Amino acid sequence: MSESEPWFYAWCDEAERLDAFAAALSALVSPGALISLMMSHQQGCRTRSVDEVLAMIRAHFGGTNNVHLLSGVSLSDSERGMLFGLKCYTDESERLCPWGPLCLSAGERKWDFYPYEIPVGRGPRCVEAEAAVACHLVQGDIAELLLRLCAPDASGRVPTGACTTNQDWSAPVEMCATYNANAAEIARDLALSWVSLHHKESVSRIAGTSLEALHARVEAAPRGARVPMKGTSELTGSLSRETVLKALATPPATLLDALEAAAVPDEAWRAAEPQARELLELRRQIEDEAAGEVPPAFWITITTREHTRFLEEHAPFHVRRLPSGGVVLATHPYRTLWPLWADALFVLGLLS
């Protein structure tokens with residue numbers, strides 16, 4: 001489990017990067033919130049005007065002069081507010097040290113984003129149900145922030161993005177969420193992962209590579225080449241060149257259907273859900289001042305190793321097809337998307 005708040009990444013061609021940044025900022029910042037702008041070459045300002053901030057950025061962005069910005073965001077899913085950091089890097093800076101090119105962090109500290117404690121009744125404790133509540137409280141925010149960064153409008157400037165608890169954009173199958181503007185290219189998550197892991201390349205540098213070029217790089221690798229994966233069995237412990245090539249040759253609709261089928265919650269999660277819903281209702285009653293008398297309750301921490309281990313092993317996956325034609329794959333930030341992909345590939349007979 002990471003000790004970090006979630007980090008969101010997006011790739012965009014440099015010619016459109018400031019427009020993508022401007023759209024994301026407008027979608028993220030709460031109306032009237034104070035914005036603190038810092039640029040690499042000492043330019044900066046503190047203002048409540050988005051237009052003033054964007055004017056300064058457009059006047060100075062370029063070379064190694066990057067954008068670092070802090071402000072406040074209001075999340076519609078959880079109705080929470082928190083500080084966010086938004087960064088935008090030039091291609092020149094990315095060549096020196098890959099950090100973006102667009103990067104968003106939510107919360108100043110880990111517990112600003114993740115719930116630290118929840119109320120429970122006087123009955124028997126259930127760690128699994130408490131962990132499920134922790135997942136419910138953040139899963140909508142993950143998808144919302146990823147889409148505000150990658151798809152705040154219908155421009156399609158950002159073809160791909162991802163979320164992780166690590167301050168590094170690694171292989172898509174090792175992230176907790178990915179966004180693709182074109183669901184028909186969902187296999188690029190797999191190809192991009194293989195190329196990044198096999199060639200030891202930063203994803204932020206190669207995320208904009210076309211699906212055709214990624215296919216060619218996988219095909220050019222030696223037959224039988226594999227990359228190690230964190231799996232629970234010998235079958236899922238690595239990803240082969242041949243599996244990726246077979247996935248690339250599979251109709252995208254078939255891959256998406258298999259991913260959706262693999263996203264069904266497992267037995268342990270289904271068993272915990274009824275009590276988790278009761279705990280969520282208790283929390284709602286306590287927070288609703290007009291609810292009147294509520295059952296007796298006390299607050300307990302949900303950050304123990306037992307809670308986080310359950311999320312790492314059982315948090316459900318979500319496959320969300322977007323009206324725009326894009327797709328989001330997501331799970332809790334303590335888990336990765338590889339088990340989802342491994343199950344889908346196994347069902348299709350593609351794992352080798």
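The side chain of Arg148 reaches the backbone oxygen of Ser74 at 2.8 Å, and that of Ala27 at 2.9 Å. Both are polar contacts, meaning a pair of N or O atoms within 3.5 Å; within protein, one must be able to donate a hydrogen and the other to accept it, and residues adjacent in sequence count only if both atoms are side-chain atoms. This is a predicted model, where local features need pLDDT of at least 70 and side-chain atom pairs count only at pLDDT 80 or more, while totals for chains, interfaces and linings use all residues. Residues are numbered from 1 along each chain as its sequence is written, and side-chain values use heavy atoms, with hydrogens and water left out.

Arg148 sits in helix α5. Helices (H or I, at least four residues) and strands (E, at least two) are DSSP runs, numbered from the N terminus. With 15% relative accessibility, Arg148 counts as buried; the cut-off is under 20% relative accessible area, with exposed over 50% and partly exposed in between (1.4 Å probe, protein chains only). Leaving out residues up to four places away in sequence, Arg148 touches Ala24, Ala27, Leu28, Val73, Ser74, Leu75 and Ser76, where contact means heavy atoms within 4.5 Å.

A nonpolar core here is a set of buried Ala, Val, Leu, Ile, Met, Phe, Trp, Tyr and Cys residues joined through side-chain atoms within 4.5 Å. Which of its 68 residues touch the most other members? Phe21 and Ile57 do. Ile57, for its part, touches Leu18, Phe21, Leu37, Met39 and Val67, not counting residues up to four places away in sequence. There's a second, separate core of 52 residues, and Tyr9, Ile206, Leu245 and Trp338 are among them.

An α-helix has 3.6 residues a turn, so residues three or four places apart point the same way.

Now for the sheet. It is open, with 10 antiparallel strands in the order β3-β2-β4-β5-β6-β1-β8-β9-β14-β13; two strands pair if DSSP finds at least two bridges between them. β3 (44-47) and β13 (318-321) each have a single partner strand, so one side of each has no neighbour in the sheet. On average, neighbouring strands are turned by 15 degrees against each other, direction ignored. Axes are lines fitted to C-alpha atoms, for helices over the stretch in contact, and angles run from 0 to 180 degrees between N-to-C directions. Helix α10 (residues 252-262) packs on the sheet, touching β13 and β14 (327-330), and its direction makes about 140 degrees with that of β13.

Within the sheet, β8 (residues 160-164) and β9 (residues 177-180) pair over 4 bridges, and Thr160 has Asn180 in β9 as its bridge partner. The loop between β8 and β9 holds Ala171, which is buried with a relative accessible area of 1%. Ala171 touches Ser193, Leu197 and Val203, not counting residues up to four places away in sequence.
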